[in-house]
Amino acid sequence: MRVRRRSGLVPAALMSIAVLVAVSASVLARYSSADNPLSANQGIHKIKHVIVIMQENRSFDSYFGTFPGADGIPKGVCLPDPRNGGCSRPWVDHHDSNGNDPHAELPFQGDVNGGKMDGFVAVADKELCRPTGACRTDVMGYHVGSDIPNYWAYAKNFVLQDHMFEATGSWSLPAHLYEVSGWSAKCADPEKPMSCTGSLKPPDRRPSAPTPFGWTDLTWLLYKHHVSWGYYLDHGAVASHHQNGVWVIWNPLPGFTDVHRDGQLGNIRPLRTFFKQAKSGTLPQVSWISPDLRDSEHGPALVSSGQAYVTSVINAIMRSPDWGSSVILLTWDDWGGFYDNVVPPRVDGQGYGIRVPAILISPYAKRGYIDHQTLTTDAYLKFIEDAFMGGARLDPATDGRPDRRPIVRERAAVLGNLIRDFNFNQKPLPPLILDPCPANTTLIPKPKPGCNGKVPLHASTWGNS
């Protein structure tokens, strides 16, 4: 740097000023980092309750591919269909019940097809069709706003996130493990977190091995920082595949050794407890809500039943004394085999997976905003950590319970920050109370009154979930 002597100032003095300015700029840049909680609008502390609602098996394009302004279905797209010849184009699918299409690690790789995003039809044909006879899968079908008007109403009035990806390129169990812990692994000895190694095929909870998850989940930090939490189960828990309760794979926290060690199993409760707490204004600071089979939207479960269930939960929050200090994070666990056009970013050996729908609902949400940031449920963990724990992270170097996770997912450079979806200076948005069973939906067949219809949900029809 060249400094000229002027007005009696010596070069050393000017140099000191220049260095101070440079250092100050560096500090400001460091503290404007998306990951640094000090950069977040201090209005984040207006949020006293975070509620995560996770549904099942829908890609972004299958629900919001035609939503105005969103990164949706490209014009002219047509995917190779080797079984039937030619190619298959996206088509409007008004059916209330959709197929249970391929959605696991290998189908993910086939669908993405090296970044071409053109393998969905070929994979589904191969896995679902018999060698001979007509067969056309529904992976290229998509719903429109008149099919799912409540979901579109939430998107129009609050924040639609059109680059939310499954945290891992796989099926439900790894996705739900990431939802609460930021990792999926196998453990040689679940009592020893350092014995766990990353895996997209983690073991289920079983009577013979009820706590297979030995690494650290978010409840470890919540307990350590005296943050209240609850994990709520639609119609309670089941020990095996059964429609009157939540599957084991959608209810992972009882399988974590640290939940037992902290004596926190009592925080895993039936959903009716959540409704009582919402009514009385006593919601915990962090809530996760998991559906039973009928309400899950996992094919062949009815779209109408799932939307009605989600709407009833959101209505309860909006009618609660806690609405004014809440944020609802609504998403789906994986893509369910349905087409999506956006190539998932690569952050580590397990993800990201294919895009899923996601909506952020809060009195402080930017109204009608479409968030194009790259997000996963890792961003949910980061927001909870920033809002309630001063930016503590599930980091083996600092969390007091080290495991062998290869990266701290919340710090991934590509990951966005939910804080950008809020305006804490705006007049709080009012509740948007909706009919759980909206009139004039275009779903076929027409949903039953109350949208409480049922279809057969036998375990044999589900495969990977």
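This is a predicted model: local features need pLDDT of at least 70, side-chain atom pairs count only at pLDDT 80 or more; totals for chains, interfaces and linings use all residues.
Residues are numbered from 1 along each chain as its sequence is written. Local features need pLDDT of at least 70, side-chain atom pairs count only at pLDDT 80 or more, and totals for chains, interfaces and linings use all residues, while side-chain values use heavy atoms, with hydrogens and water left out.

**Exercise 1. The whole chain**

Task: Describe the protein chain by its helices and strands, its burial, its contacts and its surface.

Solution: 
- Start with the elements. The protein chain has 11 helices and 14 strands. Helices (H or I, at least four residues) and strands (E, at least two) are DSSP runs, numbered from the N terminus.
- Next, burial. Of the 465 residues in the protein chain, 59% are buried. Buried means under 20% relative accessible area, exposed over 50%, and partly exposed in between (1.4 Å probe, protein chains only).
- Then contacts, meaning heavy atoms within 4.5 Å. Take those between residues at least 6 apart in sequence: 81% join residues at least 24 apart.
- Last, the surface. The accessible surface comes to about 18700 Å², and carbon and sulfur atoms hold 56% of it. Such areas come from the Shrake-Rupley method with a 1.4 Å probe; for residues, only the protein chains shown count as cover.

**Exercise 2. The disulfides**

Task: Count the disulfides, then work out the handedness of the links Cys129 to Cys135, Cys187 to Cys196 and Cys437 to Cys451.

Solution: 
- Apply the rule: a disulfide is a pair of cysteine sulfur atoms within 2.5 Å. The count comes to 4 disulfides.
- Number the bonded cysteines in sequence order. The pairing is 1-2, 3-4, 5-6, 7-8.
- Take Cys129 and Cys135. Their sulfur atoms are 1.9 Å apart. The angle about the S-S bond is -70°, and the link is left-handed.
- Take Cys187 and Cys196. The S to S distance is 2.1 Å. The torsion about the S-S bond is about 100°, so this disulfide is right-handed. Cys196 has 0% relative accessibility, so Cys196 counts as buried.
- Take Cys437 and Cys451. Their S to S distance is 2.1 Å. With 70° about the S-S bond, the link is right-handed. Both cysteines lie in the segment after H11, 14 residues apart. Cys437 and Cys451 are buried.

**Exercise 3. A proline**

Task: Is Pro449 buried or exposed?

Solution: 
- Locate Pro449. This residue is in the segment after helix H11 (377-388).
- Check the area. Pro449 has a relative accessible area of 75%, so Pro449 is exposed.
- Compare sequence with space. Pro449 and Pro438 are 11 residues apart in sequence, and their C-alpha atoms are 9.7 Å apart.

**Exercise 4. The sheet**

Task: Trace the open sheet of 8 strands, and find what lies across E1.

Solution: 
- Write the order: E10-E9-E11-E1-E12-E13-E6-E14, with mixed pairing. Two strands pair if DSSP finds at least two bridges between them.
- Find the edges. Strand E10 (268-270) and strand E14 (369-371) each pair on one side only.
- Zoom in on one pair. Strand E1 (residues 49-55) and strand E11 (residues 286-290) pair in the parallel sense over 4 bridges. Ile51 stands opposite Ser287 in E11.
- Helix H5 (residues 149-157) lies across E1, strand E6 (159-161), strand E12 (326-332) and strand E13 (358-361). H5 runs at about 60° to E13. For such angles, axes are lines fitted to C-alpha atoms, for helices over the stretch in contact, and angles run from 0 to 180 degrees between N-to-C directions.
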